[in-house]
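Colleague: I would like a close look at one part of this structure, please. Take your time and follow it wherever it leads.

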Amino acid sequence: MSASSLCPSARHCLHAFGIFYRTIHRFPTSVSIASAFSSSMDAHPPPPEGYRRNVGLCLINPSKKIFVASRLDVPDSWQMPQGGIDEGEDPRNAAIRELREETGVTSAEIIAEVPYWLTYDFPPEVREKLHQQWGSDWKGQAQKWFLLKFTGKDEEINLLGDGTEKPEFGEWSWMSPEKVIELVVEFKKPVYKEVLSVFTPHLQ
């Protein structure tokens with residue numbers, strides 16, 4: 001059936017859909033466009049091939065400060081918690097699990113998410129190190145980021161985690177978004193800037 005044979009109202013709907021389609025495809029990385037039409041990752045492209053599926057966790061306290069911790073294996077490297085998504089695991093469930101495993105925190109609730117996947121590439125030396133550690137040659141990580149509100153007390157935070165995984169962090173602190181960007185390793189900075197930009201309304 002051609003568009004010309006449709007009734008005026010149907011042609012109007014097709015025209016409107018065409019504008020919507022061209023708009024979102026003209027600006028595929030626009031945060032405002034993505035946020036306006038959907039908060040679900042199902043409406044966005046899946047992570048690219050060759051990248052490890054991962055969740056990132058932006059945990060904030062009542063003062064709107066962000067939880068960051070220093071890695072044991074990389075001196076002076078601070079980051080927000082993150083971790084791999086198991087096969088068939090829902091990213092939201094992975095976020096809660098990784099938070100518990102890495103920080104011991106269970107008193108938290110998800111209040112927002114970045115509605116699309118963000119990726120970063122491993123530098124060659126990091127890629128080789130992880131290839132030996134994981135046995136898989138990933139180009140980098142494709143991350144689904146979540147914003148979580150901490151509802152417990154600082155005494156709950158335990159960098160030994162819940163005891164199911166090897167500890168990853170040596171120290172932790174609550175920091176401003178600006179300080180977090182300053183301290184994160186260079187190859188993760190673009191992702192961190194994007195994440196904190198999306199979550200800005202919750203950090204003010």
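Colleague: Over which ring does the charged end of Lys-144 sit, and how far from the centre of that ring is it?

Modeller: Happy to. The ring is that of Phe-146, and the charged end of Lys-144 lies 5.1 Å from its centre. A charge sits over a ring here when NZ of Lys or CZ of Arg is within 6 Å of the ring centre and within 35 degrees of the ring normal.

Before we go on, a word on the numbers. This is a predicted model, in which local features need pLDDT of at least 70 and side-chain atom pairs count only at pLDDT 80 or more, while totals for chains, interfaces and linings use all residues. Numbering starts from 1 along each chain as its sequence is written, and side-chain values use heavy atoms, with hydrogens and water left out.

From that ring we can turn to rings that face one another. The structure holds seven aromatic pairs. In one of these, Tyr-120 and Phe-122 have ring centres 6.0 Å apart and planes at 75°, so the pair is edge-to-face. The rule is that rings of Phe, Tyr and Trp (its six-membered ring) pair if their centres lie within 6.5 Å, with planes under 30 degrees apart counted as stacked, over 60 as edge-to-face and the rest as tilted. Tyr-120 has a relative accessibility of 5% and therefore counts as buried; Phe-122, at 9%, is buried too. Buried means under 20% relative accessible area, exposed over 50% and partly exposed in between, with a 1.4 Å probe and protein chains only.

A second pair, Phe-150 with Trp-174, is tilted, at 5.8 Å centre to centre and 35° between the planes. This pair links distant parts of the chain: Phe-150 belongs to strand β7 (residues 140-150) and Trp-174 to strand β8 (residues 169-175), and they are 24 residues apart. Strands (E, at least two residues) and helices (H or I, at least four) are DSSP runs, numbered from the N terminus. Both Phe-150 and Trp-174 are buried. They also belong to a cluster, in which ring pairs link them with Phe-67 and Trp-172.

Strand β7 brings us to the largest nonpolar core. Of its 26 residues, Cys-58, Ile-66, Met-80, Val-114, Trp-145 and Phe-199 touch the most other members. At least two residues of this core come from each of β1, β2 (66-71), β6 (118-121), β7, α5 (177-183) and α6 (189-198). Helix α6 gives the largest share, five residues. A nonpolar core, as used here, is a set of buried Ala, Val, Leu, Ile, Met, Phe, Trp, Tyr and Cys residues joined through side-chain atoms within 4.5 Å.

Helix α6 also carries Lys-189. This lysine counts as buried because its relative accessibility is 13%. Lys-189 leads back to Tyr-120: they are 69 residues apart in sequence, yet 9.2 Å apart in space, C-alpha to C-alpha. In the loop between α5 and α6 we find Val-184, which is buried at 4% relative accessible area. Its C-alpha is 6.3 Å from that of Ser-77, although Val-184 and Ser-77 are 107 residues apart in sequence.

Another lysine, Lys-64, sits in the loop between β1 and β2 and is partly exposed, at 31% relative accessibility. Lys-64 has a positive phi of about 65°, although it is not a glycine. Most residues other than glycine have a negative phi.
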